[in-house]
Amino acid sequence: YSGQVTIGSTRQDDGTYALIDPQHGGHRTLDSSVNSNGVLLTDDDDVWGDGTAANPQTAAVDAAYGAQTTWDFYHDSFGRNGIADDGRGSSSRVHYESVKGVPLANANWQDGCFCMSYGDGADGQHPVTSLDIAAHEMTHGVTSATAGLGNNGESPGLNEAISDMMAAAVEFYADNPNDVPDYTMAELDDLHGDGKPIRYMDLPSKAGISSVGYAPLDYWTPEAKWDEAHMVAGVGDHFFYLLAEGSGQKTINGVDYDSPTYDGLPVAGIGLADAADVVYRALTVYMTSTTDYAGARTATLQAATDLYGADSDAYEAVANAWAAVNVGI
Ligand code: ASN
Ligand code: ZN
């Protein structure tokens, strides 16, 4: 999905190369079409994949690129040394199926294997391995290693939103011409077979009714306590878009956005880098396993105070962006 890229590999004793990335904690890219645990990918000439899904190495290139780029984003933006901030590399499994023989149109993070797993899409031809997906899944690992947002109430939805926020930030960080930096999720993976993204951060309900029977929330409602996590994530996704870019119409990298506010009052954005700084500090210093949206508001206000001061534009923007999604008013 990201065109021709350079990825890390390791030369082995037998002269072949393996997808072990020494610059990123020894991250390993594994092929799960052999068995579900996955086997390390190896190659004779160290040129991997060919840009087509038919070549089984192509998805591996995406996964390796996603892991290294997300690692570099966390390092360069926040000084974080890997998912657990201890230098340890994760692994990524491609051609993964949760149920053997059933093509998987999804990807996930699992703490148990410290790994991301990527399916090949509903038709087995559209690997779910774009950069925003990789960054989303890897960020679940960061969240797990820090705030540990849990399974109750609004925390799972907030967890999903944090992964979407950082996924957007990673796309902008990578600035890859083959993958336009944007505030949508999975626009390259064609998960629904209609060429459209699965989530829109400027106006989450634009995604329409999902397979779970609900549309993502644009604004907080009591539903956030029980609705499906990716629907509840709409509240946080919308908050983040407004904090970074502000309300109203805007075209960024050729993509049109139009972000309304709950109270109709405008929000002035502080830019993506500062917005990501606020969220990262809130996630790693103030959020806990039970943080809900009201708690996320408190955490981000505290983080903005720490980073920019209580009298700063950033503090005011954080407060306004939460009010604009009906949190804390
Ligand atoms: N792709 C999904 C996620 O990371 C996986 C899931 O919902 N189980 O949120
Ligand atoms: Zn997720």
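**Notebook: strands, a ligand shell and a core**

I started with strand β4 (residues 27-31), which pairs with β7 in the parallel sense over four bridges. This is a predicted model, so I'm reading everything here as a prediction.

Next I stayed on β7, which covers residues 91-94. Are its faces covered or open? Both are covered: S91 and R93 are buried on one side, and S92 and V94 are buried on the other. I then followed β7 across to β9, and found three bridges joining the two, which run parallel. In that pairing, S92 stands opposite M116 of β9.

β9 (residues 115-118) has another partner to note, β8. Here the sense is antiparallel, again with four bridges. I checked Q110 and found C115 of β9 standing opposite. The two strands form a hairpin with four residues between them, and F114 there takes a positive phi near 50 degrees.

Then I looked at which way the side chains of β8 point. In a regular strand the side chains alternate between the two faces of the sheet. β8 does alternate: A107 and W109 point to one face and are buried.

Which residues surround ligand 1? I listed N106, A107, N108, H136, E137, H140 and E160. β8 (107-110) and α2 (131-145) each supply at least two residues of this shell. The largest share, three residues, comes from α2. I also sorted the shell by type and got one nonpolar, four polar and two charged residues.

Last entry: the largest nonpolar core, which has 94 residues. Which members touch the most others? They are V235, L243, V279 and V318. Helix α3 (residues 155-174) gives the most to this core, eleven residues. Why does the core lie between two domains? Domain 1 (10-129) and domain 2 (155-323) both give residues to it, so it lies between them.

Leaving aside neighbours within four places in sequence, L243 is in contact with G269, I270, A275, A317, V318 and A321. I noticed that V318, one of those contacts, is also on the list of residues touching the most other core members.

Methods:
Residues numbered from 1 in each chain as written. Chains lettered and ligands numbered in written order. Predicted model: local features only at pLDDT ≥ 70, side-chain atom pairs only at ≥ 80, totals over all residues. Near = placed C-beta within 6 Å. Nonpolar A, V, L, I, M, F, W, Y, C, P; charged D, E, K, R; others polar. Buried ≥ 20, exposed ≤ 12 C-beta atoms within 10 Å, placed from the backbone. Pairing = 2+ DSSP bridges. Core = buried A, V, L, I, M, F, W, Y, C linked by C-beta atoms within 7 Å. Domains from an automatic or database assignment. Contact = placed C-beta atoms within 7 Å.
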